[in-house]
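Open your viewer and get ready to click along with this tour. At each stop you will find something to select and a short note on what is there.

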Amino acid sequence: MTFNELGLTKPIIKAVTQKGYTHPTPIQEQSIPILLRGKDLLGVAQTGTGKTAAFALPILHHLSNLPKDKGHRRIKALIITPTRELAIQINDNFTAYGKFTNLRNTVIFGGVKQGAQTTELRKGIDILVATPGRLLDLIGQGYISLKDIRHFVLDEADHMLDMGFIHDIRKVLALLPHKRQSLFFSATMPPTIVSLSQKILGDFEKVSITPKQATAERVEQAVYYVSKKNKVKLLVHILQTEDADSVLVFSRTKYGADKIVRQLHKAKINAAAIHGNKSQNARQRALKHFKDGEIRVLVATDIAARGIDVSELALVINFDLPNVSETYVHRIGRTGRAKASGIALSFCMMDERPYLKDIEKLIKQRLPIIKEHPFPDDAVEPTPTELKPKRPNNQNRNKNRNRNNRNKKRRNFSNKQRT
Ligand code: AMP
C-alpha cells in the first residue's frame, strides 16, 4: 500500500514524500482509512509506531478541505499529550506534514513563560498541540476557546493518568463540542483507561499495534553471552564472518555509539554513528550513505534510529540490550521487512540478563544462545541457592548491610554509565 492509495490530498502526499516516507506503517495503513471516513478511533499503540502521522495526516486532510474561516482562524483540532517533549515533537510533525497546506499549528506547554505562546495564539491557529495544565490555564485567561473543535486527540492516555492529569482531562472534555471526531491513544489498556476511553469516544473502531504483532516472525533471533570488554571484538568477528550488506547496530548511549564506530574503523570496517549529539545534517548524510550502500554499518541510539526505514536491512545487532523490552521489538522489527528475511543478534553481558528475561517474557519465546564463538562469557550465573541469604546472626547482619550498600553503590554506578 502507498500513501496515494490511502486517498490523502496531494499537498499531504508531497510532504510525506519529502520526509522520505515511502509506505505507511501498519498503524497508518489501518487508522487513516477509518479517520478519513470520520469515525472515532481507539489506537492501542505506542510512540515509535508512526502513530503521530496516523492521526496528523487525516486531520490535515479534513481541515484542508474546509472553507477558510471567516475573519480570525479558530482552533479546529486539539491534541493533548502528557509531556512537553512529545508536544513539541507532535507539533513539529504537523508543521512538516502540513507544509504545503495553508493550515497553521502551534504548541503550548508549561514550565516556560506564556508570552511567546499567547502571541502565536493571537495570530489565529487551526491546530493546537498542548499539555493539559497550560491548556487549561490559557483557556482560563481567555486566550483559547474550544467551541470550534472538530478533531480531538488524547495521546498517551496511560501516561496522562500516571502523571495525575485525569482531572484536567475531565475539565477539557467538558469544554469540547459534542459533535466532534475523537481519537484516543494508549500503549496499555488497564480498566481505568478503558472507562476513560468510553467517556471520550462515540462510535469508534479499534486499531491495535501490539509488540507481538510488530515482532517480525521472519526475523531469526539469537543471543551471545559476552563480557563487556569482549563486545567489540565479537562485533568485529561477526561483521567479518557474516556477509550481511547493511547492518544496524544499537548502542544504549551516544558515547558508546561513537566508541564502537572508532573501533570498527580500526578494524577497517566501514561504519558511521547517528545519535542526538550529531547535527541533523550529519545524521541525514550518514543515513543516506547507509541507504545507498556506501556505509555498511550504522551504529545508532534508539531515539536516533526512530526514523530509519531501510527496506533491505539484513542484520540488526543489539550491542547493548535495551532495558525496556518493547524497545527490543522495535529494534528487531527494523529487519525482516518486506520480503527480506532478517537476523537479529543480541549481545548480553551478565548485568543484562534480567533484561533478556523480560524480553523473552514479552515476546513469549526463549531466544537461542549461540555458545560457539571466540569470546564466550565464562561468568557463571549464580544459582538460586547461591543467592539465598544465610540466616543472619547479629554479626552477619551488619556484614550483609555493608555488602548491600556496596552493591547498591555499584548498581547506581553502572546505571549512571548506561545513561
Ligand atoms: P511516531 O510513532 O509517530 O513517534 O513515529 C516514529 C518515527 O517514525 C518518527 O521518526 C517518524 O518520522 C517516522 N515515521 C512515521 N511514519 C513513517 C513512515 N510511513 N515511513 C517511515 N518513517 C515514518
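Which ring does the charged end of Arg-353 sit over? Select Arg-353 and Tyr-225: the charged end of Arg-353 sits over the ring of Tyr-225, 3.7 Å from its centre. A charge counts as sitting over a ring if NZ of Lys or CZ of Arg is within 6 Å of the ring centre and within 35 degrees of the ring normal. For another case, select Lys-14, which lies over the face of Phe-100, at 4.2 Å from the ring centre.

Before moving on, please note that this is a predicted model, in which local features need pLDDT of at least 70, side-chain atom pairs count only at pLDDT 80 or more, and totals for chains, interfaces and linings use all residues. Residues are numbered from 1 along each chain as its sequence is written, and side-chain values use heavy atoms, leaving out hydrogens and water.

**The whole protein**

Zoom out and colour by secondary structure: there are 17 helices and 13 strands. Helices (H or I, at least four residues) and strands (E, at least two) are DSSP runs, numbered from the N terminus. The protein has 419 residues, and 47% of them count as buried. Buried means under 20% relative accessible area, exposed means over 50%, and partly exposed is in between, using a 1.4 Å probe and protein chains only.

**Aromatic pairs**

Now show the aromatic side chains. The structure holds 5 aromatic pairs. Rings of Phe, Tyr and Trp (its six-membered ring) pair if their centres lie within 6.5 Å; planes under 30 degrees apart count as stacked, over 60 as edge-to-face and the rest as tilted.

Select Phe-55 and Phe-185, a tilted pair with 5.5 Å centre to centre and 45° between the planes. Phe-55 lies in helix H3 (residues 51-64) and Phe-185 in strand E6 (residues 181-186), so this pair ties together parts that are 130 residues apart in sequence. Phe-55 is buried, at 0% relative accessibility, and Phe-185 is buried at 0% too.

Next, select Tyr-224 and Phe-347. They form an edge-to-face pair, 5.9 Å centre to centre with 85° between the planes. Because Tyr-224 lies in strand E8 (residues 220-225) and Phe-347 in strand E13 (residues 343-348), the pair ties together parts that are 123 residues apart in sequence. Both Tyr-224 and Phe-347 are buried.

**An open sheet**

Stay with E8 and bring in its sheet. What is the order of the strands in this open sheet of 6 strands? The order is E8-E13-E12-E9-E11-E10, with parallel pairing. Two strands pair if DSSP finds at least two bridges between them. E8 and strand E10 (271-274) stand at the edges with a single partner strand each, so one side of each is left without a neighbour in the sheet.

Select Ala-273 to find it opposite Val-299 in E11.

Now show helix H11 (residues 231-241), which packs on the sheet and touches E8, strand E9 (247-250), E11, strand E12 (315-318) and E13. Helix H15 (residues 353-363) also packs on the sheet, touching E8 and E13.

**Stops in the loops**

Select Ser-227 in the loop between E8 and H11. Is Ser-227 buried or exposed? At 18% relative accessibility, Ser-227 counts as buried. Leaving aside neighbours within four places in sequence, Ser-227 is in contact (heavy atoms within 4.5 Å) with Met-349 and Asp-377.

Most residues other than glycine have a negative phi. Lys-268, in the loop between helix H12 (254-266) and E10, has a positive phi near 60°. Lys-268 is exposed, with a relative accessible area of 76%. Lys-364, in the loop between H15 and helix H16 (384-387), has a positive phi of about 55°, and Lys-364 is exposed at 65%.

**Last stop: strand E5**

Select strand E5 (residues 151-154). His-151 and Val-153 point one way, Phe-152 and Leu-154 the other way, and all are buried. E5 pairs in the parallel sense with strand E2 (residues 77-80) over 4 bridges, and with E6, also parallel, over 4 bridges. Finish on Leu-154: Ile-80 stands opposite Leu-154, and in E6 the bridge partner of Leu-154 is Phe-184.

Definitions and conventions:
Axes fitted to C-alpha atoms, helices over the stretch in contact; angles between N-to-C directions.
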